[in-house]
Amino acid sequence: MGDNTDKPSDLQKQSSLSVSEEIELQGHIIDSLLLPKILDEITVLGGDFSIDEISIGHSRSDSSRAQIKVTAPDEKTLQTILTQIAQHGAVPLEQHDCLLAQADMGGAFPEGFYCTTNQKTEIRVDGNWIPVSLQEMDCGIVVSKDHKSAHCLPMADVQEGELVVLGTRGTRVFPIDRGAPEVAGFSFMNSTVSSEKPKGVTVREIAAEMRRAKQGAGKILVVAGPAVVHTGSRAYFSELIREGYVNLLFAGNALATHDIEESFYGTSLGISMEHGGSSEEGHEHHLRSINRIRRLGSIQNAVEQGVLTSGIMYECVKNRVPFLLAGSIRDDGPLPDIITDTVDAQRKMREMVEGVSFCLMIATTLHSIAVGNLLPASVRVVCVDINPATVTKLADRGTFQTVGLVTDVEPFLRVLLDEINKSS
């Protein structure tokens, strides 16, 4: 017989876990796989669990509830576990008010501040649960002086003396019920990157979602890269703007520059959009386009003075579609409308995304990730790119609600416009 004297018994394991906390989990925790995910995270982080109570809904619309005892070898490990599983909606059974501390300096939170997710959140203050507004990932939560309201705030914007939430105590998160059809919205949301699925079906559902937004369900935000121009898709995108399917445009210097270059010279990066060949001195066209707009003071001035008469930026001005052009270190010029301070660009984006219900990201990896970080999880996001890694990066950085369509820009916009026009 083998010698088992060196192996710890279950009783010894339990005795080594000296601290515990009862937590509660409610909602679609079975079909969304939240329950097994939370149990797995507890053990991976060095703790253990026992399910004291569980009630499972019978139909798809019914919610479930579980009461779980989380144990850990020390308080630090327990708090690490509770912090991690709180992001998935786990709430301590014993209710406490959240911990508040005054910011001791501007531009930085106190140590130990609560770091937000992009999902609906509430905090408990003076015995009452209050909603957190302006929901955004990777921010802190600031509470008003009268304790009646709270909102997410980026680190750079906190002011000395503001009340900041510390830790996870007195906070609760309401995860998006990813398995529920009325929340998921799209039937194709069961897979993140639909590279091998019928693209026609996917585009039809995107068109239907954009029609719902246009009919009053919210605003449509488009985040677009210069490939929209390079691939010859400018006319399709311009028509979407004219027909009211773009309520807000976020882009960079490149999209606007090459769009204006095509209007002035018929080229994009010096390549003819008519015959696809290079043009004499075409490499100068984008610089000459930028210079002409800079001399006029703004894109709007160029439109109003009749200098710019076609293209994406022209349609935005003529149809009063707000746009925000954020700069980068690699920009030529840049155009006078470019916001070169990235923190200032973030602030303005946050002001503009209120009311957005649908976001279409087209062929721009870094800009898509940046905007995805600003959006609450309730905003439906579709990312169209020839590279599936763009969608993967979005999901990896927290924008889990992203649906990806792996295709070139031109056929996507052409078919999307056809689908919209079929039903209009």
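The legends below describe close-up views of a predicted model.

Residues are numbered from 1 along each chain as its sequence is written. In this predicted model, local features need pLDDT of at least 70, side-chain atom pairs count only at pLDDT 80 or more, and totals for chains, interfaces and linings use all residues, while side-chain values use heavy atoms, with hydrogens and water left out.

**View 1. The four-stranded antiparallel sheet.**
Four strands form an open sheet in the order β2-β3-β1-β4, with antiparallel pairing. β2 (48–55) and β4 (91–92) are the edge strands; each has a single partner strand, so one side of each lacks a neighbour in the sheet. β2 and strand β3 (residues 64–72) run antiparallel and are joined by seven bridges. Glu 53 stands opposite Gln 67 in β3. Strands are DSSP runs of E of at least two residues, helices are runs of H or I of at least four, and both are numbered from the N terminus. Two strands pair if DSSP finds at least two bridges between them.

α3 lies across β1 and β3 and runs at about 5 degrees to β1. Axes are lines fitted to C-alpha atoms, for helices over the stretch in contact; angles run from 0 to 180 degrees between N-to-C directions. Contact means heavy atoms within 4.5 Å.

**View 2. Surroundings of Glu 24.**
Glu 24 is found in strand β1 (residues 19–27). The side chain of Glu 24 makes a polar contact with the side chain of Arg 65, at 2.6 Å. A polar contact is a pair of N or O atoms within 3.5 Å; within protein, one must be able to donate a hydrogen and the other to accept it, and residues adjacent in sequence count only if both atoms are side-chain atoms. Leaving aside neighbours within four places in sequence, Glu 24 is in contact with Arg 65, Ala 66, Gly 89, Ala 90, Val 91 and Leu 93.

**View 3. The largest cavity.**
A search of the whole structure finds one cavity of 30 Å³ or more. The largest cavity holds about 40 Å³ of space. Its lining consists of Leu 82, Ile 85, Ala 86, Ala 90, Pro 92, Thr 168 and Thr 171. Helix α3 (residues 75–86) gives the largest share of this lining, three residues. By class, the lining has five nonpolar, two polar and no charged residues. On a 1 Å grid over the protein atoms alone, a cavity is a set of points where a 1.4 Å probe fits but cannot get out; a pocket is an open set with protein on both sides within 12 Å along at least five of seven lines; lining residues have an atom within 4 Å of a point. Grid points are joined across faces, edges and corners, and a volume is the space filled by probe spheres set on the points. Ala, Val, Leu, Ile, Met, Phe, Trp, Tyr, Cys and Pro count as nonpolar, Asp, Glu, Lys and Arg as charged, and the others, Gly among them, as polar.

**View 4. The seven-stranded mixed sheet.**
Seven strands form an open sheet in the order β5-β10-β8-β9-β7-β6-β11, with mixed pairing. The edge strands, β5 (99–102) and β11 (171–174), each pair on one side only. Neighbouring strands are turned by 40 degrees against each other on average, direction ignored. β5 pairs with strand β10 (residues 163–166) in the antiparallel sense over four bridges. Here Leu 100 stands opposite Val 165 in β10. β7 and strand β9 (residues 150–153) pair in the parallel sense over two bridges. Val 132 has Ala 150 in β9 as its bridge partner.

Strands β6 (residues 120–125) and β7 (residues 128–133) run antiparallel and are joined by four bridges. Ile 130 in β7 is the bridge partner of Ile 123. Lys 120 is in β6. The C-alpha atoms of Lys 120 and Pro 131 are separated by 8.0 Å. Not counting residues up to four places away in sequence, Lys 120 touches Gln 135, Arg 172, Val 173 and Phe 174.

**View 5. The largest pocket.**
About 860 Å³ of space lies in the largest pocket. Of the 41 lining residues, Ala 326, Gly 327, Leu 366, His 367 and Ala 370 are the closest to its centre. α12 gives the most to the lining, with seven residues. The lining divides into 19 nonpolar, 14 polar and eight charged residues.
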